[in-house]
Amino acid sequence: MMKMVYTSENHFIVNNVKNLIEAQGISTFIKNEFLHGAVGELSSFDSWPEIWIFEESDFERADEIVKSIQSSDLNVDWVCNNCAEKNDPSFEICWNCQSGN
Ligand SMILES: [Zn+2]
């Protein structure tokens, strides 16, 4: 049974979280990935991209990864030294260039 593990209005964050979960060998897919911005300004909550896992048995591990990402944040965006992109505090590496914080 499939389960949703994470959602955010920020596609870059969703993709980053997805990568971190998949790095642990858990298969995921993203719902609503292509809705955002496809038709005018679709910005309702319904169009947020969602990370889903295929196997319910992976849920606890995926949930732990999400929680560890969220609990490690300092609630301050940081700016990448390499490419100057602004990054969500939950990420230790830049979403744009994968450079370290
Ligand atoms: Zn960067």
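## Helices on the sheet

Let's start with helix α2, which lies across strands β1 and β3 and runs at about 10° to β1. Keep in mind as you look around that this is a predicted model.

## The sheet itself

Three strands make up an open sheet, in the order β1-β3-β2, with antiparallel pairing. β1 (3-7) and β2 are found at the edges with a single partner strand each, so one side of each has no neighbour in the sheet. From one strand to the next, the twist averages 35°. Helix α1 also packs on this sheet, where it touches β1, β2 and β3, and its direction makes about 165° with that of β2.

## A closer look at β2

## Where the helices meet

How do the two helices cross? The axes of α1 (residues 11-22) and α2 (residues 59-71) come within 10 Å, crossing at roughly 130°. That angle is why α1 counts as oblique to α2. The crossing in which α1 passes α2 is right-handed.

Here you can find V17, L20 and I21 of α1 meeting A62, I65, V66 and I69 of α2. Sorted by class, this contact of α1 with α2 has seven nonpolar residues, no polar ones and no charged ones.

How values were computed:
Residues are numbered from 1 along each chain as its sequence is written. This is a predicted model: local features need pLDDT of at least 70, side-chain atom pairs count only at pLDDT 80 or more; totals for chains, interfaces and linings use all residues. Side-chain values use heavy atoms; hydrogens and water are left out. Axes are lines fitted to C-alpha atoms, for helices over the stretch in contact, and angles run from 0 to 180 degrees between N-to-C directions. Helices (H or I, at least four residues) and strands (E, at least two) are DSSP runs, numbered from the N terminus. Angles under 35 degrees count as roughly parallel, over 145 as roughly antiparallel, 65 to 115 as roughly perpendicular and the rest as oblique. A crossing is left-handed if the near helix is turned anticlockwise from the far one by less than a right angle, and right-handed if clockwise. Contact means heavy atoms within 4.5 Å. Ala, Val, Leu, Ile, Met, Phe, Trp, Tyr, Cys and Pro count as nonpolar, Asp, Glu, Lys and Arg as charged, and the others, Gly among them, as polar. Two strands pair if DSSP finds at least two bridges between them.
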